Amino acid sequence: MSASSHDSGVEGRERISLNTLYQLQQEAPRPKRIICPREVENRPKYYGREFHGIISREQADEILAGVEGAYILRESQRQPGCYTLALRFGNQTLNYRLFYDGKHFVGEKRFESIHDLVTDGLITLYIETKASEYISKMTTNPIYEHIGYATLLREKVSRRLSRTKNESRKASVTSEENTPVEKITSLVRRAALTQNDNHFNYEKAHNFKVHTFRGPHWCEYCANFMWGLIAQGVRCSDCGLNVHKQCSKYVPNDCQPDLKRIKRVYCCDLTTLVKAHNTQRPMVVDSCIREIEARGLKSEGLYRVSGFTEHIEDVKMAFDRDGDKADISASIYPDINIIAGALKLYFRDLPIPVITYDTYSKFIEAAKISNPDERLEAIHEVLMLLPAAHYETLRYLMIHLKKVTLHEKENFMNAENLGIVFGPTLMRPPEDSTLATLNDMRYQKLIVQILIENEDVLF
Ligand SMILES: [Zn+2]
Ligand SMILES: [Zn+2]
């Protein structure tokens, strides 16, 4: 979805009220640069002739002569080396401490030129003075639900949901065939199933970054004009949604990433990737597991023996470049350890591990419980806290690793060995503390081992 398709939703009657802020921006006083008539010594090279040297507030006031939008720069009398912007607005002279670090700024926004800074400042002052009450109420009646973005989103969601229903029915048939031993109460198990039903409808927060819009833009949350010269609002770098900074706090976590904006597969946030590809799990995980189950389950030391680093990097590049079309078949990578290595690398490269930073310490605490039944219940409870896409990925991986252990006679890999390999791959402590990692290592291993051994009842 492109940014322009968002814009098209705002029209008609709504547009009239939206124009209030737009008109105010047009009416805002324009900057009038008052040049110093004399040569000023010690003028910083990044200021022009609007710099008047060391003068008092009163002198600055006189020079501005009550003209709205007039401005000069001066050096502080009391603190030489400190610079002030003196600006006429609303029949008074406003003084701002001015900073420069390659760009000019008085607050958050950074400007290429003093002229831009003053232009933006005057627009902001004017709009915030004239429409403060209006602005404070902007977010109370959002149009967000009514515009194109939300409609498109709803269509996508309902399409996905209908697919989900079919798939989950299939899943439940298979699980009934090999009825697992009931170790945990049926209540807990039902909770796990409910979680599974939602697996496609993952929540994802928008990834808002301050953005400078060229040409007039309207907020896609409150439908109002986004005023100012630069940094008028924020844009989601995953889906392209444009909103006021103040509105971004109210936008629900319904980001539907645009595949065009997601440059890579590796190192991309897990939920972002699955939403962009509209898949249940990261397709790297599905592809690699499919390949390994087709030809690698009996391979000695599967996941423990490492493949050639360069070849693993090759696979990573192929996924980044070709997505789900990446060819990882035996004709190109006969050594299955390369595929296993690529899968482990995918998990290691995640910005947020499969077992998230938020849940890390809860998992470690659960692992420390000595009573096996209580420990299992505790682990199950923490599993429920994982974001849906993480939960689903972990569930799928554990089903796969369980299959690996069923071939232990050939591959010599049991749940404990796999725990050693996957523990630090699936969970990392929130702070990079070597000591914590060393202490936690045996619990990381234990968690994965327990997840594999009890995959059928835990998920
Ligand atoms: Zn978004
Ligand atoms: Zn807004």
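**Figure 1. The site of the zinc ion (ligand 1) in the predicted model.** The protein donors of this ion are His206 (ND1), Cys236 (SG), Cys239 (SG) and Cys255 (SG), at 2.1 to 2.4 Å from it. Donors are N, O and S atoms within 2.8 Å of the metal (3.2 Å for Na, K and Ca); water is not among the atoms, so sites may look incomplete. Angles of 100 to 117° are subtended by the four donor atoms, so the arrangement is tetrahedral (four donors with all angles between 85 and 135 degrees). Along the chain the donors follow the spacing H-x29-C-x2-C-x15-C. His206 lies in the loop between helix H7 (186-197) and E7, and Cys236 in strand E8, so the pair ties together parts that are 30 residues apart in sequence. Helices (H or I, at least four residues) and strands (E, at least two) are DSSP runs, numbered from the N terminus. His206 and Cys236 are both buried, that is, under 20% relative accessible area (1.4 Å probe, protein chains only).

This is a predicted model in which local features need pLDDT of at least 70 and side-chain atom pairs count only at pLDDT 80 or more, while totals for chains, interfaces and linings use all residues. Residues are numbered from 1 along each chain as its sequence is written, chains are lettered from A and ligands numbered from 1 in the order in which they are written, and side-chain values use heavy atoms, with hydrogens and water left out.

**Figure 2. The site of the zinc ion (ligand 2).** Cys219 (SG), Cys222 (SG), His244 (ND1) and Cys247 (SG) are the protein donors, lying 2.2 to 2.4 Å from the ion. The donor residues are spaced C-x2-C-x21-H-x2-C in sequence. The arrangement is tetrahedral because the four donor atoms subtend angles of 96 to 118°. Cys219 lies in the loop between strand E7 (208-211) and strand E8 (233-236), and Cys247 in helix H8 (residues 245-248), so the pair ties together parts that are 28 residues apart in sequence. Cys219 and Cys247 are buried.

**Figure 3. The open sheet E7-E8-E9.** The three strands of this sheet pair in the antiparallel sense. Two strands pair if DSSP finds at least two bridges between them. E7 and strand E9 (242-243) are the edge strands, each pairing on one side only. E7 and E8 are joined by four bridges, and Phe208 stands opposite Cys236 in E8.

**Figure 4. The hairpins of E4, E5 and E6.** Seven bridges pair strand E4 (residues 83-89) with strand E5 (residues 92-100) in the antiparallel sense. Phe89 has Gln92 in E5 as its bridge partner. Two residues lie between these strands, and Gly90 takes a positive phi near 60°. E5 also pairs with strand E6 (residues 104-105), antiparallel and over two bridges; here the bridge partner of Phe99 is Phe105. Three residues lie between E5 and E6, and Gly102 in the turn has a positive phi of about 105°.

**Figure 5. The buried face of helix H13 (residues 357-367).** Thr359, Tyr360, Phe363, Ile364, Ala366 and Ala367 are buried in this helix. Seen down the axis of H13, the buried residues fall within an arc of 160°, so they line one face of the helix. The arc is that of the directions from the helix axis to the C-beta atoms.

Definitions and conventions: Four donors count as tetrahedral if all angles lie between 85 and 135 degrees; four count as square planar and six as octahedral if opposite donors are over 155 degrees apart and all others between 65 and 115; anything else is irregular. Buried means under 20% relative accessible area, exposed over 50%, partly exposed in between (1.4 Å probe, protein chains only).
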